[in-house]
Amino acid sequence: MTDKLRVGIIGIGNMGYQYGLDDKRSQPASHYHGYMFHKDQCDVVAVCDILPEAVGRIKDAYMEVEKNRVTFTQKYQDYKLMLENEKLDIISIVTPDITHEQIGKDCILARPKVILWEKPFCLDLKQGGELIKLAQACNVKIAVNHQRRSDQIWNTLPAVFADKGFGELVRAVAKCYGDGLRQWVHMADLVNMFEIKDKCIFVPLQNVNYVLFEMEFYFKEHAVRVVDNGRGIIEMTATPSQYYGINYKNLIKELKCSTFSSNELVVTMRDVIANVLNCARIPGLQPNCTAQHGLEAVRLCREWIDQYGIKEAIPNA
């Protein structure tokens with residue numbers, strides 16, 4: 001492919017780069033390594049971080065041996081200088097949450113084709129709405145990195161429920177670790193994606209210090225538990241209970257999404273980047289998770305924070 005897309009990454013920390021080196025994570029797990037997985041379609045031509053040791057992690061050049069082609073990556077510590085010097089098709093924003101709004105505004109004004117924006121999209125709902133209007137005026141697409149919208153298990157669940165004839169959803173329970181916006185926003189986006197806000201009870205698990213996302217879906221005669229961040233799906237049937245009415249206790253089996261191999265179930269960052277690349281090439285195509293999706297996830301999180309009376313610390317990187 002000769003017309004490769006030019007990519008710039010702002011923020012070479014954990015999600016920007018380091019997670020791509022973690023052998024406990026399914027790879028590619030960072031923005032940089034996600035783009036490198038698709039290097040037949042794009043070149044990472046610029047990276048930026050205020051820390052010199054961070055940009056120092058990136059090689060000055062990388063070579064595509066099969067094409068005998070070298071790509072040089074320019075390194076910056078000032079993102080504004082990067083935006084001024086580089087003509088970029090795609091920009092990734094992978095910086096601390098409190099910087100997203102200003103850096104995002106400057107990136108929109110640089111007019112790339114797509115911005116891949118780490119969650120949360122914004123901290124202030126009004127500013128988030130203004131950013132969406134600015135992006136529309138500048139004809140810039142924004143993809144917010146709520147990865148579960150690209151996760152094939154979560155996306156398969158509604159079809160599985162329909163195929164098994166479970167009927168109308170009665171109640172859902174969403175469980176998530178953490179103590180506020182940064183962690184909860186993933187679960188908020190899932191609840192919005194399934195369009196179950198009015199039927200969903202949110203349960204924050206504040207004493208859990210590891211990544212935990214679980215959901216329970218209750219139908220009239222069946223229940224489904226999604227555990228291990230979507231990797232395990234358990235179906236139960238309803239049995240009468242003398243004291244509690246319907247009691248979902250009898251395990252039927254573990255549901256299998258047989259259309260996907262085990263390797264395909266955990267490559268969401270690969271698929272997020274693939275969607276971003278397609279959006280940059282196809283004028284009418286919108287990201288799987290748009291800025292509006294990101295804004296609505298923040299809105300729901302704010303409702304949960306108010307509901308539980310949590311005094312939230314300012315989110316960090």
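This note sets out numbered points on the fold and the aromatic contacts of the structure.

1. Basis. The model is predicted: local features need pLDDT of at least 70, side-chain atom pairs count only at pLDDT 80 or more, and totals for chains, interfaces and linings use all residues. Residues are numbered from 1 along each chain as its sequence is written, and side-chain values use heavy atoms, with hydrogens and water left out.

2. Overall composition. The protein chain has nine helices and 14 strands; these are DSSP runs numbered from the N terminus, with helices (H or I) of at least four residues and strands (E) of at least two. Of its 317 residues, 53% are buried, where buried means under 20% relative accessible area, exposed over 50% and partly exposed in between (1.4 Å probe, protein chains only).

3. Contacts. Among contacts in the protein chain with a separation of 6 or more, 69% join residues 24 or more positions apart. A contact means heavy atoms within 4.5 Å.

4. The six-stranded sheet. An open sheet runs in the order β5-β2-β1-β6-β7-β8, with parallel pairing; two strands pair if DSSP finds at least two bridges between them. Its edge strands, β5 (74-76) and β8 (141-144), each pair on one side only. Neighbouring strands of this sheet are turned by 20 degrees against each other on average, direction ignored.

5. Inside the sheet. Strand β1 (residues 5-10) pairs with β6 (residues 90-93) in the parallel sense over four bridges, and Ile10 stands opposite Ile93 in β6. Helix α4 (residues 100-109) packs on the sheet, touching β1, β6, β7 (114-117) and β8, and its direction makes about 165 degrees with that of β7. Axes are lines fitted to C-alpha atoms, for helices over the stretch in contact, and angles run from 0 to 180 degrees between N-to-C directions.

6. Aromatic pairs. The structure holds 11 aromatic pairs. Rings of Phe, Tyr and Trp (its six-membered ring) pair if their centres lie within 6.5 Å; planes under 30 degrees apart count as stacked, over 60 as edge-to-face and the rest as tilted. Phe161 and Phe166 form a tilted pair, 5.9 Å centre to centre with 35 degrees between the planes. Phe161 and Phe219 form an edge-to-face pair at 5.1 Å and 70 degrees. Phe161 lies in helix α6 (residues 152-163) and Phe219 in the loop between β11 (213-218) and β12 (222-227), so this pair ties together parts 58 residues apart in sequence.

7. Aromatic cluster. Trp154, Phe161, Phe166, Phe194, Phe217 and Phe219 form one aromatic cluster. Phe161 counts as buried at 10% relative accessibility, Phe166 is buried at 6%, and Phe219 is buried at 3%.
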